[in-house]
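Open the model in your viewer and keep the selection tool handy. We will walk through it stop by stop.

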Amino acid sequence: MAKARGRSFSQFYTPALEGRATRMLMQEQMLRNAVERGEFELHYQPQTLIQSGELAGFEALVRWKHPHRGLVSPNEFIGFAENRGLIAAVDRWVLNQACRQAKTWQDDGYLPVPVAVNLSAQEFRQRDVVQEVAQVLDDTGLDARYLHIEITETTLMLSGTHMQQTLHALKSLGVGLAIDDFGTGYSSLAYLRKHPIDRLKIDRSFVSDLPHNPDAAAIVNAIVQMGQSLHLEILAEGVESPEQLHMLRQMGCAMMQGFLVSAPMPADRAAAWMSQHCQMLQRQ
Ligand code: C2E
Ligand code: MG
Ligand code: MG
Ligand code: MG
């Protein structure tokens, strides 16, 4: 019966679909509420120097404190938030919170290191990012050099935005700029000359195929070499094994981030980690 009817509206509008649409709307409403109430939490993952093991910074990674599901990982809601036009509001909360936390740590006497924040394409499309970043730095009292902004190649390629002016203006504020997930985007390398980039973060997909996959090794090595010639900092993300670290060290890669050193941690654990790690370095 249903088969014979063709693709009519009534066929689409099954109770199951209605259920799905309702769930999506509820989900969207929950996310809106979360944005209004700031029901998120930041976890911080250390970024370290490969040669010395020294702490070089933290990346702030958002989690949603979901009323029914506990802490929800960004992979599960960032895409949804992007589709619903909510990601810029999430990013703004993250930016504020991360800068506040970095300043608090400095005031508490911890070694001052930059905090890195991920900004989505929407943030660049919808808002005056430069004004917003300047405002947050002013509000929190964090010195601009202790803020790094991570954007993907796709964001960088946005047409219709004044990306070049925007990045130069951010740079003039004194913040650091990193390209995230480097090597996975569809883009030309010409932007490395055009934009004032400080750092490339080699995507985890290449790092996780080290040390045995020769193609991954060739790509990582090429990125490290290029970084050295262009005076860019190179950070390898997703380093999980001592073998991967060993290979990266031999290639001359300067920085790393990954479970081998630490997974992302809530702020209190990150502070405890800093105390312990910095003491360990002093003892060495
Ligand atoms: P990303 O910026 O590339 O962040 C790195 C992700 O890799 C994090 O996942 C981190 O937990 C994970 N990771 C780090 N080391 C390892 C490792 O050794 N092994 C493995 N398997 N994974 C590792 P997370 O926290 O789930 O974040 C996923 C993505 O969500 C981020 O990728 C970023 O693109 C996005 N994201 C996170 N926070 C924000 C935010 O505040 N705003 C926006 N727009 N996006 C965010
Ligand atoms: Mg990132
Ligand atoms: Mg990344
Ligand atoms: Mg990634």
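Predicted model: local features only at pLDDT ≥ 70, side-chain atom pairs only at ≥ 80, totals over all residues.

Stop 1: Select R20, R23, M24, M26, Q27, M30, W64, R69, V72, E76, F77 and F80, which line the second largest pocket. Helices α2 (15-37) and α3 are the elements that give two or more residues to this lining. Colour α2 to see the main contributor, with six residues. By class, the lining has seven nonpolar, one polar and four charged residues. The volume of this pocket is about 180 Å³.

**Stop 2: the largest pocket.** Now move to the largest pocket, with about 1100 Å³ of space. To centre your view, pick L61, N75, N118, D180 and D181, which lie nearest the pocket's centre among its 41 lining residues. Elements that each supply at least two lining residues include β2 (55-66), α3 (74-83), α4 (87-107) and β6. The most comes from β2, with five residues. The lining divides into 13 nonpolar, 14 polar and 14 charged residues.

**Stop 3: magnesium, ligand 2.** Select the magnesium ion (ligand 2) and show the side chains of E59, N118, E150 and D180, which coordinate this ion at 2.0 to 2.2 Å. Along the chain, these donors follow the spacing E-x58-N-x31-E-x29-D. N118 sits in strand β4 (residues 115-118) and E150 in strand β5 (residues 147-152), so this pair ties together parts that are 32 residues apart in sequence. Is each of these two buried or partly exposed? N118 is partly exposed, at 23% relative accessibility, whereas E150 is buried, with a relative accessible area of 2%.

**Stop 4: magnesium, ligand 3.** Which residue bridges the two magnesium ions? Click D180: this residue bridges ligand 3 and ligand 2, which lie 3.8 Å apart. D180 belongs to strand β6 (residues 176-182) and E237 to strand β8 (residues 233-237), so the pair ties together parts that are 57 residues apart in sequence. D180 is buried, with a relative accessible area of 8%, and E237 is buried too, at 11%.

Notes
Residues numbered from 1 in each chain as written. Chains lettered and ligands numbered in written order. Heavy atoms only, no water. Donors = N, O, S within 2.8 Å, 3.2 Å for Na, K, Ca; no water. Helix = DSSP H or I, 4+ residues; strand = E, 2+ residues; numbered from the N terminus. Buried < 20%, exposed > 50% of the residue type's maximum accessible area, 1.4 Å probe, protein only. 1 Å grid on protein atoms, 1.4 Å probe; cavity = no way out; pocket = protein on both sides within 12 Å on 5 of 7 lines; lining within 4 Å. Points joined across faces, edges and corners; volume = space filled by probe spheres on them. Nonpolar A, V, L, I, M, F, W, Y, C, P; charged D, E, K, R; others polar.
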